[in-house]
Amino acid sequence: MRVVEHAALRTLNTFGIVASARFLVRAGNTADLLEAQDFAGARSLPLMVLGGGSNVVIAGDLDAVVVIPDLCGMTVERDQNDLVIEAAAGENWAEFVQRTIDVGACGLENLAAIPGSVGAAPIQNIGAYGVELERFVEHVELLDLATREEKLLSCAQCEFAYRDSRFKRRTNEIVTRVRLRLASQFEPMVDYPGVREELAAMGIAPSPRSVHDAITAIRWRKLPRPDVLGNAGSFFKNPILDAAQKDALLAVAPAAPIYAHGGAYKTSAAWLIDVCGLKGFALGRAAVHRDHALVLVNLGGATGAEVLALAAHIRDVVHARLGVVLEPEPRVLHTDQQR
Ligand code: EPU
């Protein structure tokens, strides 16, 4: 394992937040992860896991051992009409999706161009353009830091839900590998608004590659590229409302978009923020993106505290005006004093 003391984290989080880690460790295998745990224990420091850094807000300098699981590798097995593909946690998600398409596997094309690592994908059950990761998961392998054993969890055991899984609640579990079952027969999933239109504009028939390319084009048109303007994608989850909450929202905002979600209702966090007039609103060096109200951006040099202050302001305004509580989507990394 490789250890750096007082390591800068700015380039290791897509928000581009300036912060440092007391120690930064890159772990190439499970033994390294255990060694990192021992290293932290010997110094009485917490161990924190950082994947691709695309879904975190670093609240401030981390008096911790921050470990990056750099585990690599991908395998492909054919099982009748399916391709069963495993990938290690440290692989880049967007590149992994392209490689699955290259080997003739179908299904992940709608999850194109999502920043982050393979290991982070099950944590928030990544989803986009009508598809969520959970539909492909056979199992997830992890290292349980409490028992120091490797475990294999079935899809059901992962407790997947909208932008949620057990891994968001169990910080002693480090995802090391995922096993996905993908189809070899292509069934286009192009019903999400704008996808069919994008394909038509590109003048190509749906294929895993063309859907991948169309969705990549839509994403980069709508969402700011983190290498240009620091951000962590959607900052809030789309709120899930029961019937009474939905009626209360419609009473104050009759035009609010409402979608069926299981037995409940989902509304659009972007719409709520937008209708409160917060698009483009800045607090310090953090701002609501001008083109998509759900994305908070780093205007340059923002601290985690500035991003969190902006998020708290948005929550307060939306709650006061519309009665809906917004829940943040990214994980907040902090040591005790920053809570
Ligand atoms: N809208 C506004 N104002 C805006 C932007 C959007 O009112 O500034 C409204 C529009 O009515 C639009 C609706 O919001 O039709 C939905 O917008 P969009 O299609 O961009 O999707 P979203 O609900 O804002 C979700 C995911 C994204 C994912 C897209 C596409 C969450 C929290 N976000 O965003 O995921 O890419 O759908 O499937 O579920 C991410 O998680 O980081 C992420 C980018």
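1. Strands here are DSSP runs of E, at least two residues long, numbered from the N terminus. Two of them pair if DSSP finds at least two bridges between them. Strand 18 (residues 286–288) and strand 19 (residues 295–298) run antiparallel and share 3 bridges.

2. Basis of the numbers. The model is predicted, so local features need pLDDT of at least 70 and side-chain atom pairs pLDDT 80 or more, while totals for chains, interfaces and linings use all residues. Residues are numbered from 1 along each chain as its sequence is written, and side-chain values use heavy atoms, with hydrogens and water left out.

3. Domains. The protein splits into domain 1 (2–71), domain 2 (74–222) and domain 3 (230–333). These bounds come from an automatic or database domain assignment. The centres of domain 2 and domain 3, taken over C-alpha atoms, lie 25 Å apart. Their contact (heavy atoms within 4.5 Å) takes 6 residues from domain 2 and 8 residues from domain 3.

4. Buried area. Domain 2 and domain 3 bury about 650 Å² between them, with 48% of it on carbon and sulfur atoms. Buried area is the accessible area (1.4 Å probe) that two parts lose on being put together, summed over both. On the domain 2 side, Y162, K168 and K222 lose the most area to domain 3. Together they account for 71% of what that side buries.

5. Charges between domains 2 and 3. There are 2 salt bridges between these domains. The term means a side-chain nitrogen of Lys or Arg within 4 Å of a carboxyl oxygen of Asp or Glu. K168 and E329 meet in a salt bridge at 3.9 Å, N to O. The side of domain 2 that touches domain 3 has 1 nonpolar, 1 polar and 4 charged residues. In this classing, Ala, Val, Leu, Ile, Met, Phe, Trp, Tyr, Cys and Pro are nonpolar, Asp, Glu, Lys and Arg charged, and the others, Gly among them, polar.

6. Strand 12. R177 sits in strand 12 (residues 173–183). Among the residues R177 touches, leaving out those up to four places away in sequence, are T75, A88 and V140. What links E138 and R181? A salt bridge does, with the closest N and O atoms 2.6 Å apart. The pair spans 43 residues, from strand 10 (residues 137–144) to strand 12. The whole structure holds 27 salt bridges.

Terms used:
Helix = DSSP H or I, 4+ residues; strand = E, 2+ residues; numbered from the N terminus.
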